[in-house]
Amino acid sequence: MKKGNKIISIFVLAGMILSAASALAGEIRIGITMRMVSENGQKYGQMVMDEIDLINQAGGINGNQIKATLMNDECKSDKGVANANKLIFQNKIHLLIGSTCSSVSLPIVDVTAKAEVPQIIPHSTNGKITQKGSAWVFRVPVSGRYYAGVNAKYVGENIGMKIAYICAADAASQNDCDAMQKQMRMQHGAEPVYVAQVQEKEVDFRTHMQKIKSAGVDGIMVAALAETMARALVQSYEAGIGPDVRRIGSSSASNAPVPKIAGDAVKGVFYAAAYSDADTRPVARLFNEMVRKRYGIHAPDHDFSQAYDLIRIVEIALNNAKVSLTSSSLKADRAAIRDAIAGIRNYQGLASGPISFCSDPSPVCRDGNKTPVLIAYTKGGEQYETEILARVTMPIDFGL
Amino acid sequence: MEFDFNSLFAFIIFGVTIGVVYGMVALGISLIYSGLDIVHFAHGEIYMFGAFFGLVLAKDMSIPYPAALIGAMILAGLMGMLIERVFYRRLTRSGGGYTVAGMGMIICGFGMSVALMNVAFLIWGADAEPFSIDLGMPLQIADIYIPQSYLLTAVVSFALMGLLHFFLKYTKIGLAVRAVAQNKDIAYLMGINVPVFISLIFGLACALAAAAGVLIGPMQSVQVEMGYLMLMKAFAAAVVGGFGSLPGALLGGILVGIFENLGAAYISPSHKDIYAFLLLILVLMIRPSGLFGIEAKVKA
Amino acid sequence: MIGFFTGVEAFFTGLSRIHRLLPWILAYLLLLPLPFLLKFGISEYYVDLANRACLFILLSVGLNIVKGFCGQVTVGHIGLYAIGAVTSALLAINYQLPFWVSAPIAILITGLAGIIVGLPSVRLEGAYLALATLGLGESVRIMIAVTPAFGSSTGIMMIPEPKIGEFIFNSFESYYYLVMTCAIIGIYLSFAILRSSTGRAFQAIREDAIAASVAGINVPFYKLLAFVISALYAGLAGALFAHMPPGYLHHNNFTIIEMVTLLLMVVLGGIGNIWGGVIGAIVVTVIYDQTKDYYFYQPLIFGIIMVVMVVFMPHGIGGVVKQAMIKRKFIENQEESRGSA
């Protein structure tokens with residue numbers, strides 16, 4: 001008993017020291033924190049790791065290998081902050097990638113700003129992330145403020161002014177929903193006909209659908225995370241609201257569970273996102289093929305494309321950054337990587353439009369992609385299909 | 001919006017249709033409570049497992065829906081009996097009720113719930129799975145549409161309820177179950193194999209939860225996290241109807257369903273889940289034996 | 001190992017004979033250099049981990065008062081934690097109150113909320129009480145999640161750090177001294193309560209409420225008091241959590257999963273055992289952190305630990321250590337008496 005306990009405590013100590021000693025010089029350390037709960041979350045987490053492996057196999061960055069550490073934050077802010085702290089102070093990373101949830105990215109922005117570590121965000125759309133004025137944060141995806149502008153323009157011109165809103169209580173959807181109402185008001189002077197704030201994981205929308213039906217609307221905006229949105233779409237048909245009333249999705253409509261769960265109810269639903277698998281550019285076709293083959297999914301959504309673009313941007317930036325990668329140069333290396341990311345101009349990747357950053361710590365400089373695509377579903381189910389309605393590059397200070 | 005009776009009627013109908021599902025899970029909780037003197041905090045997970053069993057049977061093995069329903073009930077029942085045999089029996093032996101072991105029972109239930117959820121996650125992943133069953137066009141009353149699946153749920157749950165009632169009232173085994181629920185020591189003396197009957201009660205309760213899961217699957221899709229919220233609503237239903245009372249559980253479920261739908265419709269939809277809790281707390285504070293007080297078994 | 005514990009205990013009992021605060025002061029002094037040991041021995045991150053462990057110590061020690069001392073089954077503790085955190089954060093942001101004002105107000109408000117959570121205990125027992133408190137705790141979270149003034153979906157951001165004059169508690173080390181001091185005081189007060197007549201009243205209620213009322217104990221009053229005291233702990237922990245850098249609160253930090261983790265800490269350490277609660281909090285926090293790479297299996301492992309603990313080791317780690325210490329003392333006494341005979 002006595003001996004056993006001592007041995008265990010020695011093992012624990014040894015483990016702690018070993019994990020601390022992993023912070024060696026001569027490699028570029030990247031920390032990633034993501035929501036790895038959903039199936040797609042796991043798969044594009046895997047994709048990020050695979051792409052980094054490929055870079056390493058091809059000889060690394062200027063001869064230096066990349067060491068990536070992937071952590072799960074379950075979309076919880078306390079876990080995300082703990083992950084960021086662990087990656088920054090224990091793993092001594094040069095660059096932080098994450099998070100995928102707005103409510104986790106928001107506090108991490110403060111952590112990285114204080115610790116002076118560059119942070120690059122794969123797909124949190126909440127506008128406040130870049131509005132905090134951190135000099136260390138970059139956003140690859142399209143900010144929520146652009147999505148609303150495109151949606152409102154299309155709705156006003158093609159659908160009508162009487163729009164009902166169903167908004168779920170998660171950070172991204174709430175943001176999309178508020179921005180959309182604001183844009184409808186600003187662009188067309190249209191007040192919402194009906195607004196229902198529902199819970200994040202609401203399952204029964206029949207009450208709202210009944211009310212919306214008796215209100216008589218031109219369109220319904222459903223802003224919610226994928227599964228909640230899919231349920232709302234199905235139940236809108238079950239309540240007897242016909243296909244002549246258009247359904248508008250928030251940006252999470254691009255996630256695969258929506259067409260999978262909603263089935264035929266997804267037909268005609270349109271939304272603004274950063275990438276569509278209906279993209280005909282050769283680079284997009286190759287990417288679709290790659291993701292399909294490697295991860296066995298029907299089609300990549302914009303979460304995949306943005307994660308892929310992010311890795312490419314990181315690769316370019318690391319190649320440009322002048323880093324010495326010794327244990328004493330950590331601070332300088334981090335700053336060099338930040339400046340290298342800020343130096344990226346007109347990166348043309350899978351994203352709907354060119355991605356540019358600049359050094360000023362303002363949303364104008366730090367929201368990389370300014371081009372939302374309007375996408376509509378033409379077929380539901382697991383083998384879903386989409387079409388591109390429009391592609392609009394917005395002015396950089398739009399919606400601020 | 002001006003008040004119109006047509007939509008009020010619609011909201012009540014919606015409440016009733018979802019309420020019977022709450023009632024079914026609550027029925028299981030009440031059964032376990034009357035049989036084992038414990039409140040089963042992992043019942044939501046049994047409901048979730050039941051839904052997944054149904055999904056696997058109906059979709060991957062393409063068994064017809066009614067057979068999948070029965071299959072899922074049997075599987076979940078067996079699973080429940082296994083859990084009871086392995087874990088809960090040790091605890092019930094040291095006394096349920098309000099002793100320290102009673103607290104252990106609650107903590108044990110929470111631990112079980114977390115562990116079961118993780119097992120389901122490892123097997124089926126976190127994504128919601130569609131469970132589409134084509135039952136034809138929704139039924140239309142005036143301008144209210146009621147999907148067939150809700151009707152089916154109502155019919156099946158009332159049928160199951162009736163069957164259970166018949167089983168408990170008019171069969172010899174049912175009589176033994178009631179005896180065990182009433183007083184275990186005396187049931188022992190009467191020559192009833194109490195442990196077997198406790199297992200049976202647990203299995204029955206789990207089968208009911210599974211039935212609710214399979215019935216609600218087509219409407220709300222099947223997901224690992226679905227159990228928790230249902231459990232809370234079912235607790236509310238069981239308390240409102242009087243813990244331990246079987247018809248009360250179903251009535252309580254319907255009441256909770258109506259209450260939360262009206263709250264969502266007329267007060268605030270974002271506070272929807274709070275209404276069930278409010279009802280739960282109010283009833284507990286004012287009348288812990290439940291609103292109906294039919295055969296309620298309250299111990300103090 | 002057990003010998004070590006008995007030795008430490010004997011040493012501290014000796015100290016407490018000189019003055020009852022002496023062992024606590026010594027323990028405090030011993031804990032002072034910890035952040036530097038951690039920082040230079042392992043890494044700065046472990047100071048952050050120690051801070052979080054201290055928060056959980058406060059929570060589990062508080063929960064132990066109502067659960068372990070008084071025997072009331074509450075599952076709404078995390079809701080009180082949330083109330084403390086949100087209140088202090090809002091006071092600091094909306095009224096620019098310094099931490100030293102906002103935190104005590106938050107603690108008081110949490111105490112009042114503790115009365116509400118405790119009210120069902122006057123009429124209800126056991127499972128019913130668990131249900132009522134569970135409902136209250138969840139209601140708090142949902143209220144925070146859907147009310148924009150409480151942060152709703154985006155959460156409360158930029159909560160200022162505590163500061164004295166020009167000194168700001170914004171590093172891991174400085175914050176450590178704040179939370180560690182609070183944790184030590186919390187543990188000390190918990191022992192003080194246990195030894196006082198109040199503590200004895202709690203235990204009497206736990207053992208037999210009817211007998212306690214016959215003995216002249218005002219049962220409803222003491223039940224409520226237990227809830228209020230544990231709420232004060234939760235309020236303090238919440239306020240400390242809210243102001244901890246980066247000063248961000250989100251409703252999904254207060255879900256049922258966090259409540260289960262808290263239960264696990266108390267169960268692992270041993271219900272009713274103060275040191276057990278402390279050990280449980282530290283062990284769970286550290287294990288949780290060290291097994292981060294196995295996140296897919298974490299809930300399963302923790303769930304199974306909970307079930308197994310309840311079934312096979314109902315008194316937890318603290319109970320086992322205590323048992324072993326008692327046994328050893330007994331043997332020593334036997335040997336002593338044999339030697340002297």
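Reader: How many helices and strands are there in chain C?
Author: Bear in mind that this is a predicted model. In chain C the strands come to 2. The rest of the tally for chain C is helices, and there are 15 of them.

Reader: What share of the contacts in chain C between residues at least 6 apart in sequence joins residues at least 24 apart?
Author: Start with burial: 52% of the 341 residues of chain C count as buried. Then take the contacts in chain C between residues at least 6 apart in sequence. The share of those joining residues at least 24 apart is 77%.

Reader: Which element gives the most to the side of chain B that touches chain C?
Author: Here 36 residues of chain B are in contact with 32 residues of chain C. On the chain B side, the elements that give two or more residues are α3 (65–93), α4 (100–124), α9 (226–241) and α11. That side divides into 27 nonpolar, 7 polar and 2 charged residues. The element that gives the most, with 15 residues, is α4(B).

Reader: At roughly what angle do α11 of chain B and α7 of chain C cross?
Author: We're looking at residues 272–286 of chain B and residues 126–146 of chain C, whose helix axes come within 9 Å. The crossing is left-handed. Its angle is roughly 145°.

Reader: How do the residues of the contact of α11(B) with α7(C) divide into nonpolar, polar and charged?
Author: From α11(B), the residues taking part include B:I274, B:F277, B:L280 and B:L284. They meet a set in α7(C) that includes C:L131, C:A132, C:L136 and C:I142. The residues of this contact divide into 10 nonpolar, 2 polar and 2 charged.

Reader: Which helix gives the most to the side of chain A that touches chain C?
Author: This contact takes 28 residues from chain A and 20 residues from chain C. Elements of chain A supplying at least two residues each are α1 (2–21), β2 (65–72), α3 (77–90), α4 (102–115) and α7 (171–188). The chain A side divides into 12 nonpolar, 9 polar and 7 charged residues. The most, 7 residues, comes from α3(A).

Reader: Which are the edge strands of the open sheet of 6 strands in chain A?
Author: The order is β2-β1-β3-β4-β5-β11, with parallel pairing. The twist averages 20° from one strand to the next. Two strands pair on one side only, and those are β2 and β11 (367–369) of chain A.

Reader: What is the bridge partner of A:L96 in β4(A)?
Author: Strand β3 (residues 95–98) and strand β4 (residues 119–121) of chain A pair in the parallel sense over 2 bridges. Helix α4(A) lies across β3, β4 and β5 (137–142), running at about 160° to β4(A). The partner of A:L96 is A:Q119.

Reader: Is A:E116 exposed, partly exposed or buried?
Author: A:E116 lies in the loop between α4 and β4 of chain A. It has a positive phi of about 60° although it is not a glycine. Because there are 14 C-beta neighbours inside 10 Å, A:E116 counts as partly exposed.

Reader: Why is β6 of chain A largely enclosed by the rest of the structure?
Author: A:I163, A:Y165 and A:C167 point one way from β6(A), A:A164, A:I166 and A:A168 point the other way, and all are buried. Strand β6(A) pairs in the parallel sense over 5 bridges with β8 (residues 219–223), and over 5 bridges with β7 (residues 194–198). Strand β6 is largely enclosed because its buried residues number 6 of the 6.

Conventions
Residues are numbered from 1 along each chain as its sequence is written. Chains are lettered from A and ligands numbered from 1 in the order in which they are written. This is a predicted model: local features need pLDDT of at least 70, side-chain atom pairs count only at pLDDT 80 or more; totals for chains, interfaces and linings use all residues. Two residues are in contact if their C-beta atoms, placed from the backbone, lie within 7 Å. Helices (H or I, at least four residues) and strands (E, at least two) are DSSP runs, numbered from the N terminus. Ala, Val, Leu, Ile, Met, Phe, Trp, Tyr, Cys and Pro count as nonpolar, Asp, Glu, Lys and Arg as charged, and the others, Gly among them, as polar. Axes are lines fitted to C-alpha atoms, for helices over the stretch in contact, and angles run from 0 to 180 degrees between N-to-C directions. A crossing is left-handed if the near helix is turned anticlockwise from the far one by less than a right angle, and right-handed if clockwise. Two strands pair if DSSP finds at least two bridges between them. A residue is buried if 20 or more other C-beta atoms lie within 10 Å of its own, exposed if 12 or fewer, and partly exposed in between; C-beta atoms are placed from the backbone.
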